Amino acid sequence: MFNLKRPTFSKPHFTTQPIKAWSSRLRHAFTSKQAFLTYLRTPGSPSSHSWTNEDLDPSPPHMINWHWYNFCIFWFGMGFGGWTLGASVVALGMSWWQSILAVMCSAIISGLMMAFNSRAAATYHIGYPVVARSSFGMYGHYWPVLARGVCAMLWVAVILYQGGAYVSTALTCIVGHSWQNLPNQFSPGVGTTIQRFVGYFLFWCITLPFCSLRPNQLKWLYNFKAWVLPFSMIGLLIFCLIQSGGKLGDVSSSAGATRPHGSALAWIFVSAVNSSMGNWSTFIANMPDFSRYATSPRATMWTHILFVPIPATLGGLIGVIGTSALQHAWGKTIWNQWDLLDAILANSWDGKTRLAVFLLSFAMGLFTLGALVGANLTPFGSDVTALFPRYFNIPRGMFFCCIVGLALNPWKILASANGFLAFLGGYGIFMGPTAAIMIGDYWIVRKGNIDLSQLYTSEPGSKYMYYKGFNLHAVFAYICGMSLPFTGFIGTFGITVPQGAVKLNKLGWLVSTAVTFVVYITICKLIPLKNIDPNMQWEEMAQEQSIILEGVEDEEKSKDFSKEPAVKELKE
């Protein structure tokens, strides 16, 4: 049972009471078998199968604390981390301005998709899995949840290893050559060095405490990152330009590519946009897990439309110019930031350079940590909560994912980096259709009307059971969109497929998303869903349930919400 009220906003306060309560529950858990089983269950979930727990229920008022400026700060810090974003498109032979244009186009599309996909969560304060129930069905939503969770777990292992590279570089700056010349080393068959392994383990240890925090508790991290990262990237760009005397090298030529023209250029450009979408596809699906804490639906609209493309374009521009400058100065092209920092140390080993590289390692490690928590750990925690609501909440899921990520040995995964990263890049054909259905369903089909009480029941005849728990319209549209580039996706496993299928897979995200959206809207118009009242106005149900928060920042100045009566109970 849960009640929803308009939130009141107050300054956060911190006490030791949660820690004391947790330690008390832990001690009690070992008093008996039944007490231990009770402890394993998440707060708010009954002993039998349930569709609810504390993280699946709508966010309570005290957790709704992401204002519009928090989303601006979040994307300002995230966008400037795209140093390597233009690497693949420049290597294809495009000029620097064509590469930046491709990055900008992908960021504009992504910003629009995020804005539209955030609306339901920001209005009803529910996360990605629960929003998916309304469009895919009570049982149908398990597939998009499982697909996202598997992808997130794999990326956690990879990003942990990348973060460990920055820790290793920072230790090189502190300890000196003795860190690089450790006497004990792994055998070549292990696939990594002891320095990288220690850095990886230390970064894993740094990440663990953040697994206990939900997005409403992480604003300070993204605020700090937004202050640190842009200045660090600008400083690195200045260093690169000083090295080259302000001159830029031809990165595309160094990559062995020739400049395309005409239709070949158009094909490469569209392919580059699709490739860049892989950088954003997880965030498009993930934003409901952040937007559920928004103080107003408007806080997630224009902030994504503006503050996703602008910082991302600037970050990509800085990366392309900086890399081009070093290519001219040193005669080699270095795209990975950790390789770039090691190259800077190899070129200059004085104290000032080591201090600068240490600070850059800290800034880039901070960016990696923010991306790891926001784009992978939090979504996995949300997904596993939906799959096993009796035993997992978001923090427990994040801890579980982090532990499994440590056991995956990411250096072994990256040993076949080309095929593996191509697989993860092509994985967007599964996530793009999901976002397309969720956006089309909320904005066009049901006009923003979701019955919250029906999202937590699988009783026969309940609104979101559709046909035996599956929305067949969504299933059909998903298969139509995903199947087109699927043959090319199979080719990422090393299986020989037709060349046409390979090319179509290079446009996989764009094709699968667009086709799914059109098919779903069309079939819903031809065969209307039975659980939708066509006479309802835009978000009428949200207003009836008194949980839409339009303009709460202005209202809170003139009205005391605490004096309003509580809204009716939405779930019995």
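Predicted model: local features only at pLDDT ≥ 70, side-chain atom pairs only at ≥ 80, totals over all residues.
The relative accessible area of His125 is 4%, and because buried means under 20%, His125 is classed as buried.

A positive phi is also found for Lys447, again a residue other than glycine, with a value near 50 degrees. Lys447 belongs to the loop between helix H22 (428-445) and helix H23 (472-490). With a relative accessible area of 28%, Lys447 is partly exposed, whereas His125 is buried.

Turning to helix packing, two packed helices are described by the angle between their axes and the distance between the axes. For helix H10 (residues 219-244) and helix H18 (residues 351-387), the angle is about 135 degrees and the axes lie 9 Å apart. The two helices, H10 and H18, are therefore oblique to each other, and the crossing in which H10 passes H18 is left-handed.

On the side of H10, the contact is made by Leu221, Tyr222, Phe224, Lys225, Val228, Leu229, Ser232, Met233 and Leu236, which meet residues of H18 including Leu360, Phe362, Ala363, Met364, Leu366 and Phe367. Further along H18, Leu369, Gly370, Val373 and Gly374 also take part in the contact with H10. Taken by residue class, the contact of H10 with H18 comprises 15 nonpolar residues, three polar residues and one charged residue.

Definitions and conventions
Residues numbered from 1 in each chain as written. Heavy atoms only, no water. Axes fitted to C-alpha atoms, helices over the stretch in contact; angles between N-to-C directions. Helix = DSSP H or I, 4+ residues; strand = E, 2+ residues; numbered from the N terminus. Parallel < 35°, antiparallel > 145°, perpendicular 65-115°, else oblique. Left-handed = near helix turned anticlockwise from the far one by under 90°. Contact = heavy atoms within 4.5 Å. Nonpolar A, V, L, I, M, F, W, Y, C, P; charged D, E, K, R; others polar. Buried < 20%, exposed > 50% of the residue type's maximum accessible area, 1.4 Å probe, protein only.
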